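Colleague: Please pick one part of this model and go through it closely, together with its neighbours.

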Amino acid sequence: MRELLEKIAAEGEVLPGGVLKVDRFLNHQVDPQLMKRIGEEFAVWFRSERPTKVLTLESSGISPALMAAYELGIPLVVARKRRPLTMTDDVYRAQVHSFTKQETNEIIVSRSLLGSGDRVLIIDDFLANGQAALGMVEIVEQAGADMIGIGIVIEKAFQDGGRLLRSRGFRVVSLARIASLDGGAIQFADEVMI
Ligand code: G4P
Ligand code: NA
Ligand code: NA
């Protein structure tokens, strides 16, 4: 997606350890026009699969996922990392290990929000090692819902997540793919890979 690549090139910063900081438009300050375009793009890729719910993980996945859900005309479900006071009903749970942060967190979704009749599109801001996406997949499986695909804003193609998810047969659409951040330079891979 051309305008996303331009934005990353113009405003992304490479931090030590192969981390891309995009705090000016995605992770801290958020660019609503760009999120709208991202939502439209995901809708084009996935509409024919007739999704009934978008699923993301708080917090940074919410902005692109909300716009995708809006474009598709379906609800967004936000998996939580902490159980809110108001979440008193039965829940699905999955463990997510972050290699980047070296910690394991539980993610939770209320059972009342996902069921066997749902067709779920997972959306997230970053795909690195794929553990967050796999945790969401596990929740979709617990619900007995159908997985229709995974939409990612920025895939770090030099990490294993993309391979892992695609090898499990999931359709993964990444709007920007980064081949390398070596030496502080952002190198893009091919624009879209399914
Ligand atoms: P994984 O889920 O793909 O396995 O990734 P990993 O454990 O490595 O990443 C953990 C967190 O770090 C995730 O956010 C992920 O989106 C984010 N992340 C990974 N690589 C990068 C990067 O290069 N740049 C940025 N900006 N983020 C990256 P999170 O912990 O769920 O936090 P939140 O931001 O969604 O609240
Ligand atoms: Na995220
Ligand atoms: Na993040």
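Modeller: Two strands pair here if DSSP finds at least two bridges between them. Strands (E, at least two residues) and helices (H or I, at least four) are DSSP runs numbered from the N terminus. This is a predicted model, in which local features need pLDDT of at least 70 and side-chain atom pairs count only at pLDDT 80 or more, while totals for chains, interfaces and linings use all residues. Residues are numbered from 1 along each chain as its sequence is written, and chains are lettered from A and ligands numbered from 1 in the order in which they are written.

The part I have picked is strand E8, residues 146-156. Ten of the eleven residues in E8 are buried (20 or more other C-beta atoms, placed from the backbone, within 10 Å of their own). E8 belongs to an open sheet of six strands with mixed pairing, in the order E4-E3-E7-E8-E9-E10. At the edges stand E4 (76-79) and E10 (187-188), each of which pairs on one side only.

Take the E7 side to begin with. Strand E7 (residues 119-127) pairs with E8 in the parallel sense, over eight bridges. One position to look up is aspartate 124, whose bridge partner in E8 is isoleucine 152. Between E7 and E8 the chain passes through helix H4 (residues 131-143), and this β-α-β crossover is right-handed, that is, clockwise from the first strand over the helix to the second when the strands point away from the viewer.

Beyond that, E9 and E10 pair in the antiparallel sense over two bridges, with serine 180 opposite glutamine 187 in E10.

Two helices complete the surroundings. Helix H2 (residues 32-46) lies across E7, E8 and E9, and runs at about 140° to E8 (angles run from 0 to 180 degrees between N-to-C directions, along lines fitted to C-alpha atoms, for helices over the stretch in contact). Helix H3 (residues 62-72) also packs on the sheet, touching E3 (53-57), E4, E7 and E8, where contact means C-beta atoms, placed from the backbone, within 7 Å. The direction of H3 makes about 175° with that of E3.

Methods: Buried ≥ 20, exposed ≤ 12 C-beta atoms within 10 Å, placed from the backbone.
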